[in-house]
Amino acid sequence: MSVTQPRRRVSFVGILGELFITAGILVLLFLGWQVWLGNLIEGNEQRSDAETQSQAWNKGGSSAPAPTDRPDPGEPVVAPAPGNAVTFANLIIPRFGVDYTRPIAQGIGVRDVLEYGVGHYPSSVMPGAIGNTAYAAHRTGAGSPFFDVDKLQVGDSIYVETEDGWYQYRMRSLEYVQPTGVGVLLPVPQAPGVEATERILTLTSCNPVFTASERIIVYAVFETWYPRDGGAPAELAPLTATAAR
Amino acid sequence: MYGALWRVLPGPWWVRVLILVVLVAAILTAMVFWVFPWVNGFIIPQDVTVGDS
């Protein structure tokens, strides 16, 4: 005896419902990709770009750490400003992880620079120069270079690596400003008309995380610099060891 | 829709499950590496700079 199963009627509403459920799952997956997986992938790409660049600057030479009794490096070399969207440096912040390095390009274009790493405000001076050298990057999305920017502590090292060497700054303070707060980019931040005597580094990103109603600003002060021939800062030994592999 | 897909697939149930797993993996890979980055291009990123722009 055979039992014939009753043939299910294909209902239009049923198919529509399944399509909606599928669309909903895809949107959720996209969100997960945007805030997590895509970020991871892009962040890794940026790190590997930065490492490749660093190796090219080493010209095959070793990146042995500089001796602690290294000679006085003298005044830091200041490179001429590159053209828009030209990658000219790496930003290295050990507080964000021992392997944290991200490429810096000239300009703050949303599509041509900030999607690929950190942007250097063209109106600000180059790293190592007297005045303010300012950078912007995403806190979320596009690899989230500045996701942990609020975790920086006073005295933390912030390195800008260029072909000439490593410029070391130390984190001094943090503030929150309106999106229009251009005072943070002044040669002496928030002090209009004052002539700069110090070398300041400024990082800007959005705040709170996942929104952009404010800007989070980190200031750092120049400490010293390490010419490329003299070897990398000892603090970056874990990073240069990974990069050499 | 998915019921029809299940009926169309050949073989015993575990073969169908295997085919579905491979299918889902392929779709997810395509999403993550091509579709999602493409869609992301239409979404206005958050502003991280100070200034008028």
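Modeller: Helices (H or I, at least four residues) and strands (E, at least two) are DSSP runs, numbered from the N terminus. Axes are lines fitted to C-alpha atoms, for helices over the stretch in contact, and angles run from 0 to 180 degrees between N-to-C directions. Contact means that the C-beta atoms of two residues, placed from the backbone, lie within 7 Å.

The model is predicted: local features need pLDDT of at least 70, side-chain atom pairs count only at pLDDT 80 or more, and totals for chains, interfaces and linings use all residues. Residues are numbered from 1 along each chain as its sequence is written, while chains are lettered from A and ligands numbered from 1 in the order in which they are written.

Now the part itself: the barrel of chain A. Eight strands close into it in the order 1-2-3-4-7-8-6-5. Their pairing (at least two DSSP bridges between two strands) is mixed. Neighbouring strands are turned by 30° against each other on average, direction ignored.

Take one pair. Strand 3 (residues 118-120) and strand 4 (residues 131-136) of chain A run antiparallel, joined by two bridges. A:Gly119 stands opposite A:Ala136 of strand 4. In general, strands of a sheet pair through backbone hydrogen bonds, either parallel or antiparallel.

Helix 1 (residues 12-58) of chain A lies across strand 1 (87-92), strand 2 (101-106) and strand 5 (157-162) of chain A. Helix 1 of chain A runs at about 80° to strand 2 of chain A.

Chain A also meets a partner. In all, 30 residues of chain A are in contact with 15 residues of chain B. Helix 2 of chain B gives the most to the side of chain B that touches chain A, with five residues.
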